Amino acid sequence: MKKISPSMMCVEIDKLKEYLKIFEDEGIEYLHIDIMDGEYVPNYTLGTDYVKQLRKLTDIPLDVHLMINNPERKIGWFDFQEGEYAAVHPESTQHLQKALQTIKAAGAKAMVAINPATRVESLRYVLDDMDGLLVMTVNPGFAGQRAIPQAIRKIEDCRNYLNAEGYSNIEIEVDGNVSYELAGEMSKRHADIFVAGTSSFLCGLEQVQPGIRKMRSIIG
């Protein structure tokens, strides 16, 4: 089943409870949390206190994208819960396997996030440690970017590679300009989880409910 993970940095903070109520009513599977440290990417976003407060407001599992250096040293800051995802970038650590094992030891599912120019084949020796693969269709750091066409084609290459290596169980998440226009192609290329932001239904509270339903009809 295809899943939707709304990007919480695109949610109007003064209407947070209203958004969460709609997400719950519409059966949203994950909430995507972008954590940026201003070093691995040139931006700052949501932090540990936001994550802890959000868990008090909803039971929807979190899908935490760690765009931070040395994530293996900071996993414990987030009090990950069973069923949640935590994604790390290979370029952000000298010890990717350790970072993934630290996520699993914390009780979460481990995901690797790859940038548009990162080869999926470079992950060959950590496939046993992965539950998910986050394919970035933009360079990470800022919302509102246009998708890179070759990165969209890469989604299918990733699925084919994982299947060929015997890891068809690894879910593929896609993040970056997941618009109504592009989501269908991303789905056909075998994306499983779709990070939704301002290019789809997170462009105003009144757009959320009909937008979620439209997105589900597109991704199947």
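A salt bridge, in this tour, is a side-chain nitrogen of Lys or Arg within 4 Å of a carboxyl oxygen of Asp or Glu. For a first look at one, select Arg119 and Glu121: they form a salt bridge whose closest N and O atoms are 3.8 Å apart. Colour by accessibility and Arg119 counts as exposed, at 56% relative accessibility, while Glu121 is partly exposed at 38%. Here buried means under 20% relative accessible area, exposed over 50%, and partly exposed in between (1.4 Å probe, protein chains only).

Before moving on, please note that this is a predicted model, in which local features need pLDDT of at least 70 and side-chain atom pairs count only at pLDDT 80 or more, while totals for chains, interfaces and linings use all residues. Residues are numbered from 1 along each chain as its sequence is written, and side-chain values use heavy atoms, with hydrogens and water left out.

**The whole chain**

Zoom out and show the cartoon. You will find six helices and eight strands, following the pattern β-α-β-α-β-β-α-β-β-α-β-α-β-α along the sequence. Helices (H or I, at least four residues) and strands (E, at least two) are DSSP runs, numbered from the N terminus. The C-alpha trace spans about 45 × 35 × 30 Å along its principal axes. Buried residues make up 57% of the 220 residues.

**The sheet**

Now select the strands. Eight of them form an open sheet in the order S1-S8-S7-S6-S5-S4-S3-S2, with parallel pairing. At its edges are S1 (3–6) and S2 (31–36), each of which pairs on one side only. Two strands pair if DSSP finds at least two bridges between them. From one strand to the next, the twist averages 25°. Angles run from 0 to 180 degrees between N-to-C directions, and axes are lines fitted to C-alpha atoms, for helices over the stretch in contact.

Within the sheet, pick S3 (residues 62–67) and S4 (residues 85–88), which pair in the parallel sense over four bridges. Leu66 has Val88 in S4 as its bridge partner.

**Helices across the strands**

Helix H3 lies across S4 and S5 (109–114), at about 145° to S5. Then turn to helix H6 (residues 205–219), which lies across S1 and S8 (193–196) and runs at about 140° to S1.

A search of the whole structure finds eleven salt bridges. Asp131 sits in the loop between S5 and S6 (132–136) and Lys104 in helix H3, so the pair ties together parts that are 27 residues apart in sequence. Both ends are partly exposed: Asp131 has a relative accessible area of 22%, and Lys104 has 30% relative accessibility.

For another, select Arg159 and Asp192, whose closest N and O atoms are 3.6 Å apart in a salt bridge. This pair links distant parts of the chain, 33 residues apart: Arg159 is in helix H4 (residues 149–164) and Asp192 in the loop between helix H5 (180–188) and S8. Arg159 is buried, with a relative accessible area of 8%, and Asp192 is buried too, at 19%.

For your last stop, select Glu156, Glu185 and Arg189, which are linked in a network of salt bridges.

Note on methods: Contact = heavy atoms within 4.5 Å.
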